[in-house]
Amino acid sequence: MPTPCHIVVEGNPAIVYASRNGAPEKMLPILESFLETFWQERDALGETQDTPECLVAQIVVRFGFEICEDDFSNLKVGLKYDPGAAYLYFISAERRLSVWIARDEYRSNPSLGLKACDQMRTVSIG
């Protein structure tokens, strides 16, 4: 059964949606490794400008290869939350990754975003 999810980056209005492979046991190992590399590259280059924009772009391009398994039809970027998302992954400017699980309130009104979800876990990256 597919497990849809969102990836949200603090400071960027874009919301990444994947229609499958969104369960934490599948996403976290890949996402944590990806973010570790992302932050190492940013630090090595001394880059701080446009980090939210660069992060979303790299999630779509680089991380997309990991979660899409050569079928990019399940990946999209938009400005609205999808009511079918089971999990939401929030990447903060402080390099923390938090996992949220959607409640019924989210499903009935996804525009509430994380306010209608329960936080499961937070991990510091980099």
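Cys117 is buried, at a relative accessible area of 5%, where buried means under 20% relative accessible area, exposed over 50% and partly exposed in between (1.4 Å probe, protein chains only). Cys54, by comparison, counts as partly exposed at 25% relative accessibility. Across the whole structure, the search returns zero disulfides, a disulfide being a pair of cysteine sulfur atoms within 2.5 Å. Cys117 is accordingly in no disulfide, and the nearest cysteine sulfur, that of Cys5, is 12 Å away.

The model is predicted, with local features needing pLDDT of at least 70 and side-chain atom pairs counting only at pLDDT 80 or more, while totals for chains, interfaces and linings use all residues. Residues are numbered from 1 along each chain as its sequence is written, and side-chain values use heavy atoms, leaving out hydrogens and water.

Turning to the rings, there are three aromatic pairs, counted for Phe, Tyr and Trp (its six-membered ring) when centres lie within 6.5 Å; planes under 30 degrees apart are stacked, over 60 edge-to-face and the rest tilted. Phe34 and Phe38 are stacked, with centres 6.5 Å apart and planes at 25 degrees. Both belong to helix 1 (residues 24-45), where being four residues apart separates them by about one helical turn; helices (H or I, at least four residues) and strands (E, at least two) are DSSP runs, numbered from the N terminus. Phe34 is buried at 8%, as is Phe38 at 1%. Tyr81 and Tyr106 form an edge-to-face pair, their centres 6.2 Å apart and their planes at 85 degrees. This pair links distant parts of the chain, 25 residues apart.
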